[in-house]
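Here are my notes for your first read of this model. Keep the structure open and check each point as you go.

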Amino acid sequence: WCDQLPAVFPEWSDDLELLNRSRRVVTAMMSGMILNRDIWNDAGMEQTLLQFLADTRPESGLVPAGGMARYRLQQWLNFIATELHKAVFIPLLDPKAGDDARAYARAKAKRPLDRLQAHLAGRDFLLDGFTVADAYLLVVLNWTRATAIDLAAWPAIASYYQALLQRPAVARAVAEEFALYKEEQARRKAA
């Protein structure tokens with residue numbers, strides 16, 4: 001996406017490298033402040049950006065205001081980022097990863113998915129209500145469609161995932177993303 005920024009935001013063309021030297025997807029600029037992977041490095045940027053964006057709209061309830069609930073949110077965001085996103089799905093989705101790396105990642109998936117299964121049994125959300133942690137986990141669980149990880153082995157996770165997909169805003173976002181994906185596939189095929 002960042003490679004497309006000059007076309008989307010022509011006024012940024014000269015400054016793109018200054019805004020985001022790594023030209024990685026995650027960059028936010030609000031009120032003159034820039035958050036991107038160049039500042040915080042790769043690890044943790046997703047959870048930092050999710051909290052930052054939700055904090056700009058505290059009325060949304062997507063992040064707890066503080067106290068132990070905020071620490072629990074951070075705990076789940078870090079779990080998703082390190083135990084699932086980075087350790088399991090990055091190797092599984094990386095076209096350059098070898099068979100050994102993929103096998104290792106699949107083997108590593110059981111422990112965090114077992115932990116998640118135990119936590120989600122009898123729950124609708126990771127915390128007391130829908131938060132940015134649920135949104136992030138939905139994205140990561142969506143990657144099971146492109147990997148050899150079958151959520152049927154974890155029925156509470158599978159049920160949670162299906163319930164989140166039924167939320168109107170999620171269903172709309174997934175449909176919009178899928179339409180963009182199809183357009184991109186058609187563009188690549190035509191090129």
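How many residues apart in helix α9 are E184 and R187, and what separation in helical turns does that give? They are three residues apart in helix α9, so about one helical turn separates them. Point 6 returns to this pair.

1. Ground rules. This is a predicted model, in which local features need pLDDT of at least 70 and side-chain atom pairs count only at pLDDT 80 or more, while totals for chains, interfaces and linings use all residues. Residues are numbered from 1 along each chain as its sequence is written, and side-chain values use heavy atoms, with hydrogens and water left out.

2. Overall layout. The chain has nine helices and two strands. Helices (H or I, at least four residues) and strands (E, at least two) are DSSP runs, numbered from the N terminus. Read from the N terminus, the order is α-α-β-β-α-α-α-α-α-α-α. Of the 191 residues, 35% are buried. Buried means under 20% relative accessible area, exposed means over 50%, and partly exposed lies in between (1.4 Å probe, protein chains only). Now take the contacts (heavy atoms within 4.5 Å). Among those with a separation of 6 or more, 49% join residues 24 or more positions apart.

3. The core. The largest nonpolar core has 38 residues. Such a core is a set of buried Ala, Val, Leu, Ile, Met, Phe, Trp, Tyr and Cys residues joined through side-chain atoms within 4.5 Å. L116 and L126 touch the most other members. Four helices each supply at least two residues: α5 (67-93), α6 (99-120), α7 (132-142) and α8 (155-166). The biggest giver is α5, with 10 residues. In soluble globular proteins, nonpolar side chains tend to be buried together.

4. Start with L116. Beyond its neighbours within four places in sequence, L116 is in contact with W76, F79, L84, L126, L137 and I157. Next, L126. This residue sits in the loop between α6 and α7. At 1% relative accessibility, L126 counts as buried. Leaving out residues up to four places away in sequence, L126 touches W76, I80, L116, H119, L120, A133, D134, L137 and Y160. L126 and R72 are 54 residues apart in sequence, yet their C-alpha atoms are 9.1 Å apart in space.

5. The α6-α7 loop and α7. T131 also lies in the loop between α6 and α7. Is T131 buried or exposed? With a relative accessible area of 4%, T131 is buried. T131 touches G61, L62 and L73, not counting residues up to four places away in sequence. Helix α7 is mostly covered, with eight of its 11 residues buried. Those buried residues are V132, A133, D134, Y136, L137, L138, V140 and L141.

6. Salt bridges. The count comes to four. The rule asks for a side-chain nitrogen of Lys or Arg within 4 Å of a carboxyl oxygen of Asp or Glu. E184 and R187 meet in one, at 2.5 Å from N to O. R188 forms another with E184, with the closest N and O atoms 2.9 Å apart. R188 and E184 are four residues apart in helix α9, so about one helical turn lies between them. E184 is partly exposed at 22%, R187 is partly exposed at 47%, and R188 counts as exposed at 55%. K110 and D114 form a salt bridge too, with the closest N and O atoms 2.5 Å apart. This pair, K110 and D114, is four residues apart in helix α6, again about one helical turn. D114 is partly exposed, at 30% relative accessibility. An α-helix has 3.6 residues a turn, so residues three or four places apart point the same way.

7. Where α8 meets α9. The axes of α8 and helix α9 (residues 168-190) come within 5 Å and cross at roughly 85°. Axes are lines fitted to C-alpha atoms, for helices over the stretch in contact, and angles run from 0 to 180 degrees between N-to-C directions. The two helices, α8 and α9, are therefore roughly perpendicular, a label for angles of 65 to 115 degrees (under 35 is roughly parallel, over 145 roughly antiparallel, the rest oblique). L164, L165 and Q166 in α8 meet P168, V170, A171 and V174 in α9. The residues of this contact divide into six nonpolar, one polar and no charged. Here Ala, Val, Leu, Ile, Met, Phe, Trp, Tyr, Cys and Pro count as nonpolar, Asp, Glu, Lys and Arg as charged, and the others, Gly among them, as polar.
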